[in-house]
Every structure is written in structure tokens, then in C-alpha cells.
Amino acid sequence: SLFPAERRRFVELVKRTRADGVLLISGDVHYAELSVLSTAAAAGAEPGYPLYDLTSSGLTQTWPLTPANAQRVAGPFTRNNWGQVTVDWASRTVDLDVLDARGALVLHRTVRLDELKHQ
């Protein structure tokens, strides 16, 4: 993260308020990726469960270079893309997807809602 103090404040807020179900959706970087904040990456500021961040950006513009990201678990995808989040309440899952300009799936992760709560 380029803003470690802000990330730490956010994680501490999630932890202090015991907010469940937090998923982050971001963009405006001209590429796509999926990141997960882990205990090691948070340097002791573990939120109590994994924080997923789906970044999708570049529907009309792309950027060939991507910064290093130790939390990245999928991607980067540097061509035109768009993101989609689908909640299936019956199966209690969330699909985090990135699709290319033609609608082909290029990044995917299914997250169980039970995974997104404090233990």
C-alpha cells in the first residue's frame, strides 16, 4: 500500500467495530487485480478475517506497468476490463470477477460469506 497509516487505521476500524462482511472494491489504476490483506501484510493489524480488494479499471484506458503488490492473489490483468461482484444469498457466497472487453472471465475468486466475519 502507498498509504500504510491509512490502511492500518481502516483495518483497526474494522477490528474495533467488529464489522463483518467487508469487501473492498477499487479502481482508477488502469489494470485489474485481486488482493487479500493477510496477517503478515497487516503487520499485527489483522482485521479478524481476510480483507479482499477487487480492483477493476481500464474499460477505456490501460496501463502496461503495475506496481509490486505483496497481497496480490490474482492478476494483474493489464488489458481493457471491468469488474463484477455477484452475491448468491442461497449459497452464501460472493463471486469477485474481472472480465475482459469481450466479456471473457480473466480473474475469479469465490468467497464464502462465513469467511468474512470475526471469529
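# Salt bridges and a nonpolar core

Author: R92, D114 and K117 are linked in a network of salt bridges. A salt bridge here is a side-chain nitrogen of Lys or Arg within 4 Å of a carboxyl oxygen of Asp or Glu. This is a predicted model: local features need pLDDT of at least 70, side-chain atom pairs count only at pLDDT 80 or more, and totals for chains, interfaces and linings use all residues. Residues are numbered from 1 along each chain as its sequence is written, and side-chain values use heavy atoms, with hydrogens and water left out.

Reader: How many salt bridges does that rule give?

Author: Side chains of opposite charge can pair when their charged atoms come close. Here the count is three.

Reader: Which distances belong to the bridges of D114?

Author: With R92, the closest N and O atoms are 3.6 Å apart. R92 lies in the loop between β5 (81-88) and β6, and D114 in the segment after β7, so this pair ties together parts 22 residues apart in sequence. Strands are DSSP E runs of at least two residues, helices H or I runs of at least four, both numbered from the N terminus. With K117, the N to O distance is 4.0 Å.

Reader: Are R92, D114 and K117 buried, partly exposed or exposed?

Author: Buried means under 20% relative accessible area, exposed over 50%, partly exposed in between (1.4 Å probe, protein chains only). R92 is partly exposed at 39%. D114 is partly exposed at 37%. K117 is partly exposed at 35%.

Reader: Which residue meets R72 in a salt bridge?

Author: E33 does, at 2.4 Å from N to O. R72 sits in strand β4 and E33 in strand β2, so the pair ties together parts 39 residues apart in sequence. E33 is buried, at 6% relative accessible area.

Reader: Now the core. Which residues touch the most other members?

Author: In soluble globular proteins, nonpolar side chains tend to be buried together. A nonpolar core is a set of buried Ala, Val, Leu, Ile, Met, Phe, Trp, Tyr and Cys residues joined through side-chain atoms within 4.5 Å. The largest one has 20 residues; L34, Y49, L51, Y52, L96 and L116 touch the most other members. β2 (32-37) is among the elements giving two or more residues, as is α1 (4-17). β2 gives the most, with four residues.

Reader: What is L34 in contact with, beyond four places in sequence?

Author: Contact means heavy atoms within 4.5 Å. Partners of L34 include Y52, L54, R72, V73, L96 and L107.
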